[in-house]
Amino acid sequence: MKAALSIFRKWDSRSYLRAAVSLAFFGLCFWFWAFLSYGTLRFHENAQFFPYTWSHVCEALAYPGGIAIYISEFFVQFFLFAIPAGIVMAGACLLLQRLVWSLSLEACGLEEEGSMTAYVLCFIPSFCAWAFMCVFGDMFTCIVALCLVMAWVRVMFKYRAPAVMVAMSAALMYAFAGPMTAVGMSLYIAAALFRQDWRGIIGAAAGLLVSLASPFVWQYCVQYTLKELMLGIEYCHQPETYTMAFFVLALSPLVTVLIACAAMKLRAWWDLRYSGRK
């Protein structure tokens, strides 16, 4: 209890404002999915069956993106009920925002100081995920894969993983999350550019090449088309149909990190110039 109170004592007005914005977003997202558009989510439970067996776990490890599909199948079972469905969707969208925000802070060399404008901008991928799930046939697996990749990039970037490890882990992440790995490597390159981390850029560029080459290797190991391996297995319900919302969601974290970092750099430059005048 004392530890929790000490955390709140360290907060400033911007920290409370960020928390209020996050709670407002969570409440709005929960209200939409639990009460306004609950019927849209019931389809997913029928499309993704989750058997509680070890053989299903082994099957998930046998094709690229299987871990993301397995996690998605687990959470989709809660879509049968309105309140749990709203909590899962709101939690996933808020988690995506937090991952984008933390990566933007790392890229700018900040801890918890970024501008409020940049914080709000980091909700863009969350709203894209929200819109993505409103499209009939788009699957929750895509959001899970994006969150997995974002978390992986966040950890690798925070602890300054060696270039060789970044490149090698791209192949493993492709096996876990599928082609969203290429989005993660692009994010890593953008963040490393802002930090002027040239080793990180080289490692992420190699990882990007690995993630782009992985589908051509996997096509000889699994019975999926090259298009599915390049664009994602069960990212969309129809294997040959990828909606515009899918491509917008995939690109939104990269665009958002670039805009948020530019906004924080501009704010830092403006504050420095203003304080210099005073």
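The dialogue below takes up the fold, the helix packing, the aromatic rings and some loop residues in turn.

Tutor: Please note that this is a predicted model, in which local features need pLDDT of at least 70, side-chain atom pairs count only at pLDDT 80 or more, and totals for chains, interfaces and linings use all residues. Residues are numbered from 1 along each chain as its sequence is written, and side-chain values use heavy atoms, with hydrogens and water left out.

Student: How many helices and strands does the protein chain have?

Tutor: Helices (H or I, at least four residues) and strands (E, at least two) are DSSP runs, numbered from the N terminus. Here the protein chain has 14 helices and zero strands.

Student: What percentage of the residues in the protein chain is buried?

Tutor: A residue is called buried under 20% relative accessible area, exposed over 50%, and partly exposed in between, with a 1.4 Å probe and protein chains only. Of the 278 residues in the protein chain, 48% are buried.

Student: Which share of the contacts joins residues at least 24 apart?

Tutor: A contact means heavy atoms within 4.5 Å. Among contacts in the protein chain between residues at least 6 apart in sequence, 75% join residues at least 24 apart.

Student: At what angle do helix H9 and helix H10 pack?

Tutor: Axes are lines fitted to C-alpha atoms, for helices over the stretch in contact, and angles run from 0 to 180 degrees between N-to-C directions. Helix H9 (residues 140-158) and helix H10 (residues 163-177) pack at an angle of about 160 degrees, and their axes are 11 Å apart. Angles under 35 degrees count as roughly parallel, over 145 as roughly antiparallel, 65 to 115 as roughly perpendicular and the rest as oblique. H9 and H10 are therefore roughly antiparallel to each other.

Student: Which residues of H9 and H10 meet?

Tutor: Ala 145, Leu 148, Val 149, Trp 152 and Met 156 in H9 meet residues of H10 that include Met 165, Val 166 and Ser 169.

Student: How do helix H5 and H9 pack?

Tutor: Helix H5 (residues 66-76) packs with H9 at an angle of about 125 degrees, with the axes 8 Å apart. H5 and H9 are therefore oblique to each other. From H5, the contact is made by Ala 68, Ile 69, Ile 71, Ser 72, Phe 75 and Val 76; from H9, by Phe 140, Thr 141, Val 144, Ala 145 and Leu 148.

Student: Let us turn to the rings. How many aromatic pairs does a search of the whole structure find?

Tutor: Rings of Phe, Tyr and Trp (its six-membered ring) pair if their centres lie within 6.5 Å; planes under 30 degrees apart count as stacked, over 60 as edge-to-face and the rest as tilted. The search of the whole structure finds 18 aromatic pairs. One of them joins Phe 25 and Phe 127, an edge-to-face pair at 5.3 Å centre to centre with 80 degrees between the planes. This pair links distant parts of the chain, for Phe 25 is in helix H2 (residues 13-36) and Phe 127 in helix H8 (residues 124-134), 102 residues apart.

Student: Which residues form one aromatic cluster?

Tutor: The cluster is formed by Phe 25, Phe 32, Trp 33, Trp 101, Tyr 119, Phe 123, Phe 127 and Trp 130.

Student: Which residue lies over the face of Tyr 119?

Tutor: A charge sits over a ring if NZ of Lys or CZ of Arg is within 6 Å of the ring centre and within 35 degrees of the ring normal. Arg 18 lies over the face of Tyr 119, at 5.9 Å from the ring centre. Likewise, Lys 158 lies over the face of Tyr 159, at 5.9 Å from the ring centre.

Student: Finally, where does Gln 196 lie?

Tutor: Gln 196 lies in the loop between helix H11 (180-195) and helix H12 (198-218). Gln 196 has a positive phi of about 55 degrees although it is not a glycine, and it counts as exposed at 57% relative accessibility. Glu 234, in the loop between helix H13 (226-231) and helix H14 (244-277), has a positive phi of about 60 degrees, although it is not a glycine either.
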